[in-house]
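Let me put the structure up, and then I'll walk through a few parts of it.

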Amino acid sequence: MEIVTVCLETLGSEEGRAFVEAAQPEHPTLLDVAHQVDAAFGVVNIPNAVWIDEHFNIVRPAEPAWPAPRATGARSPLLDSGDARITAIATQATQIVSWTADEYANAVRDWARNGARSRFVLSADEVMARSGDRDVDGSAAAAHFELAQHFERGGDHDRAVAHFRSAHHLAPDNWTYKRQAWSLTGPEGPFRRFWQGPQDGQDWEYDSDWLVDIESSGPRTYYRPTEL
Amino acid sequence: MLLPDLFPTSTAFAEATGWKIEPHGACKGDLCLPLAPGTYREERVDAATVADRLGMAVVPAEGGGLWAIGPESFSGRALATVAAPDLKLQTFDGKAFALSSLRGTRMVLVAWAPY
């Protein structure tokens, strides 16, 4: 079995490099500056994982793949950041629902041992059924998101924002579209990419932000509910 | 898929969308959907017609000069087939990497981001 990580980052490799170097992974570590993985696998929030078998068929679609913050017992240092917005974000994040401590890792181990006989391998019909809804609006949102990234990488931020806004409007449940866009305009400093919202004294280019949205929808549905 | 016009080569269309345009239709994995005659001519694909057949949105860029075609939606689900898409990405040290290079091995693909 092989683990492959893919960093979804419009801005390129430098933003994620520190994390990769700190982890010193032995598995392939890939970069996806165009978010191809989003559309190809139905990834709508990160981190997510997909299982692909020896025959190059998907046997589990995109789903969260780590324990819930509460399950680990670890306290986020962001709760003590001293910044009100970051503390509020961290407080919401601790309420996010995912697996218990070893639940997902044990499922991966079971697949590694038993292959197609693993009880965690899904049928083709179940994989497609669990892969998430997509209608023409969802397709249009992906197209707008691709255009937004194209313009952002080319330095045309205004046109990028117009397309990011359309993507958010057409696919309001897609957190990846929002988190990527909102991460591009944070204040300088250690929380730049995680600020995800307006700053005092500055116009905000979007209709919503991370805190507003998660306080509206609730952290329990931050990741699409699923089961092993 | 970004296009300067709506008549890409069949190779470019397949690489960007995962859908191969065959004489009998548009195919991905073991799934094929028939296409109207004339959709594929002289190595070029009528992308707007194929997009309509597959439920792919065609979106013009702000200011013009560019089009984006979204992923298929005809099935109503993000995955219309379980055949994994053969994405071609780069490693962090700049080397080309095709997901299909791991065919024959079980793979857990983990998407993450530094934000």
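So, starting with the domains: 13 residues of domain 1 of chain A are in contact with 14 residues of domain 2 of chain A, contact being heavy atoms within 4.5 Å. Before I go on, the housekeeping: this is a predicted model, where local features need pLDDT of at least 70, side-chain atom pairs count only at pLDDT 80 or more, and totals for chains, interfaces and linings use all residues. Residues are numbered from 1 along each chain as its sequence is written, chains are lettered from A and ligands numbered from 1 in the order in which they are written, and side-chain values use heavy atoms, with hydrogens and water left out.

Back to the domains. Domain 1 of chain A covers 5-68 + 99-130, and domain 2 covers 136-221; those bounds come from an automatic or database domain assignment. Their centres, taken over C-alpha atoms, are 23 Å apart. Together the two bury about 1,200 Å², with 48% of that on carbon and sulfur atoms. Buried area here is the accessible area (1.4 Å probe) that two parts lose on being put together, summed over both.

Now for strand S3 of chain A, residues 48-52. Helices (H or I, at least four residues) and strands (E, at least two) are DSSP runs, numbered from the N terminus. Five of the five residues of S3(A) are buried, so the strand is largely enclosed by the rest of the structure. Buried means under 20% relative accessible area, exposed is over 50%, and partly exposed is in between (1.4 Å probe, protein chains only). In a regular strand, side chains alternate between the two faces of the sheet. Here A:Asn48, A:Val50 and A:Ile52 point one way, while A:Ala49 and A:Trp51 point the other.

What does S3(A) run antiparallel to, with five bridges? That's strand S11 of chain B, residues 107-112, and in S11(B) the partner of A:Val50 is B:Leu109. Strands count as paired if DSSP finds at least two bridges between them. Three bridges also join S3(A) to S4(A), residues 58-63, again antiparallel, and there A:Trp51 stands opposite A:Arg60.

S3(A) and S4(A) make a hairpin with five residues between them. A:Phe56, in that turn, has a positive phi of about 65 degrees, and at 4% relative accessibility A:Phe56 counts as buried.

Next, helix H5 of chain A, residues 103-114. Its 12 residues reach 16 Å from first C-alpha to last, close to the 16 Å expected at 1.5 Å a residue; the expected span is 1.5 Å times one less than the number of residues. Its buried residues are A:Tyr104, A:Ala107, A:Val108, A:Asp110 and A:Trp111. They cover an arc of only 160 degrees around the axis, which puts them on the same side of H5(A); the arc is that of the directions from the helix axis to the C-beta atoms. And what covers them? The cover includes S3 and S4 of chain A together with S11 of chain B.

Most residues other than glycine have a negative phi, and most peptide bonds are trans. The bond from A:Ile46 to A:Pro47 is cis, with omega near 0 degrees, and A:Pro47 is in the loop between helix H2 (36-41) and S3 of chain A. A:His35 has a positive phi, near 55 degrees, in the loop between strand S2 (29-32) and H2 of chain A. At 3% relative accessibility, A:His35 counts as buried.

That's me done, thanks.
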